[in-house]
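Biologist: I would like to learn how to read aromatic pairs in a protein model. Could you walk me through it?

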Amino acid sequence: MNLTTVTRPGLDVLVSGVSGIVARGLGAHETAFAVADLLGGHLPGPDILTPAEREGSPDGYVTHILHAEDDFSIVAVVWRPGQGTPIHDHVSWCTFGIISGIEHETLYRDMGDHLVEIGRADNRPGEVSGFAPPGDIHKVRNTSAETGISLHIYGADVARLGSSVRRLYDLPVR
């Protein structure tokens, strides 16, 4: 097992809670929703990151792995205003909670030779959600005037994998 020692304040409850949920052997969607329920009651504040980590980077959004083990990872994402992701999907289920900023999410369906937009959502501070592949193609952008911070819990060891992203999509959107 590739267990990283938890060094951030407040993560012990999340780590033990997610471990218990994962141990139940639920399906990916059920796991994502159960972890979302847990995260909703234990979403940390911005002080989960150091002041320097909370600044982000002018070069693009930044991820900070706060905990990683074989079955799941906890990652903080810092987005300056206007920063976002390309269209992508994930290697595993994911749950996220918004600490600050507004994460505007656009969802897509892969039609083989193009993508179709199927939804949009503005995720605001305190909001929590979860999803699982397939059907998790999306892009995310911080549409607020402040630096955004979100906490993501993935059902994979992103420290070992290097990323939670499975595929980037460059298909046209129609």
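Predicted model: local features only at pLDDT ≥ 70, side-chain atom pairs only at ≥ 80, totals over all residues.

**Reading the aromatic pairs**

Biologist: How many aromatic pairs does the structure hold?

Modeller: There are two aromatic pairs.

Biologist: What describes a pair of aromatic rings?

Modeller: The distance of the centres and the angle of the planes describe such a pair. Here, two aromatic pairs can be read that way. In one of them, Tyr61 and Trp79 lie 4.9 Å centre to centre with 25° between the planes, and the pair is stacked. Tyr61 sits in the loop between α3 (51–54) and β1 (62–68), while Trp79 belongs to strand β2 (residues 73–79), 18 residues apart.

Biologist: Why is the pair of Phe96 and Phe131 tilted?

Modeller: Planes under 30 degrees apart count as stacked and over 60 as edge-to-face, with the rest tilted. The planes of Phe96 and Phe131 stand at 55°, so this pair is tilted, with ring centres 6.4 Å apart. This pair also links distant parts of the chain: Phe96 is in strand β4 (residues 94–100) and Phe131 in strand β7 (residues 128–131), 35 residues apart.

Biologist: And their surroundings?

Modeller: Phe96 counts as buried at 4% relative accessibility, and Phe131 is buried at 14%.

Note on methods
Residues numbered from 1 in each chain as written. Heavy atoms only, no water. Phe/Tyr/Trp six-rings, centres within 6.5 Å; stacked < 30°, edge-to-face > 60°. Helix = DSSP H or I, 4+ residues; strand = E, 2+ residues; numbered from the N terminus. Buried < 20%, exposed > 50% of the residue type's maximum accessible area, 1.4 Å probe, protein only.
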